[in-house]
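Subject: Structure handover, with notes on the disulfides

Dear colleague,

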Amino acid sequence: APTNSTDRVCTAQTICQSYQYQTVAPTNSTDRVCANQTVCLSYQYQSVAPTNSSNRVCTNQTVCKSWQYESVAPTNSTDRTCTNQTVCLSYQFQSVAPTNSTDRVCANQTVCLNTEFQSVAPTNSTDR
């Protein structure tokens with residue numbers, strides 16, 4: 001503060017860098033305070049983008065359950081989407097097994113004609 005024998009000293013306000021956000025706004029007698037933005041980890045996505053005065057919010061990515069597959073992969077700003085695997089019906093068999101990113105494919109079992117007999121029984125993953 002100025003006195004009878006000294007002048008006030010003015011200093012330029014701090015400018016937050018592109019990787020920072022303002023945590024405390026400047027006043028006539030205090031400087032602005034900046035903080036580094038949070039960096040999301042490899043298993044997280046940005047659920048709320050940072051602004052000049054707020055930090056980004058990172059959220060853990062959804063982990064698909066054993067009966068699900070990843071139908072939409074995560075990005076830096078979106079979560080992954082998990083979808084339940086198709087369940088084959090009693091008259092179907094699994095023709096293509098599911099993976100972490102693809103669904104199972106079911107096919108109808110062969111139906112024996114009246115002039116045929118079943119020589120090999122179907123299983124969950126093979127036709128008769």
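Why is the disulfide of cysteine 40 and cysteine 58 left-handed? The torsion about its S-S bond is about -90°, and so the disulfide takes that hand. Please bear in mind that this is a predicted model, in which local features need pLDDT of at least 70 and side-chain atom pairs count only at pLDDT 80 or more, whereas totals for chains, interfaces and linings use all residues. Residues are numbered from 1 along each chain as its sequence is written, and side-chain values use heavy atoms, with hydrogens and water left out.

Taking a disulfide as a pair of cysteine sulfur atoms within 2.5 Å, the count is 4. If the bonded cysteines of the protein chain are numbered in sequence order, they pair as 1-2, 3-4, 5-6, 7-8.

In the link between cysteine 40 and cysteine 58, the S to S distance is 2.0 Å. This pair connects distant parts of the chain, 18 residues apart, with cysteine 40 in the loop between strand E2 (33-36) and strand E3 (44-48) and cysteine 58 in strand E4; strands here are DSSP runs (E, at least two residues), numbered from the N terminus. Cysteine 40 is partly exposed at 23% relative accessibility, on a scale where buried means under 20% relative accessible area, exposed over 50% and partly exposed in between (1.4 Å probe, protein chains only).

Cysteine 64 and cysteine 82 are also joined, their sulfur atoms 2.0 Å apart, and they link the loop between E4 and strand E5 (68-72) to strand E6 (residues 81-84). The disulfide of cysteine 88 and cysteine 106 has an S to S distance of 2.0 Å and is left-handed, with -90° about the S-S bond; cysteine 88 sits in the loop between E6 and strand E7 (92-96), and cysteine 106 in strand E8 (residues 105-108).

Two cysteines deserve a separate note. Cysteine 10 is in no disulfide, the nearest cysteine sulfur, that of cysteine 34, being 19 Å away, and cysteine 10 is exposed at 66% relative accessibility. The sulfur of cysteine 112 lies 19 Å from the closest cysteine sulfur, in cysteine 88, which is too far for a bond.

Finally, threonine 59 lies in strand E4 (residues 57-60) and is partly exposed, with a relative accessible area of 28%. Leaving aside neighbours within four places in sequence, threonine 59 is in contact (heavy atoms within 4.5 Å) with Tyr43, Gln44, Tyr45 and Ser47.

Notes: Helices (H or I, at least four residues) and strands (E, at least two) are DSSP runs, numbered from the N terminus.
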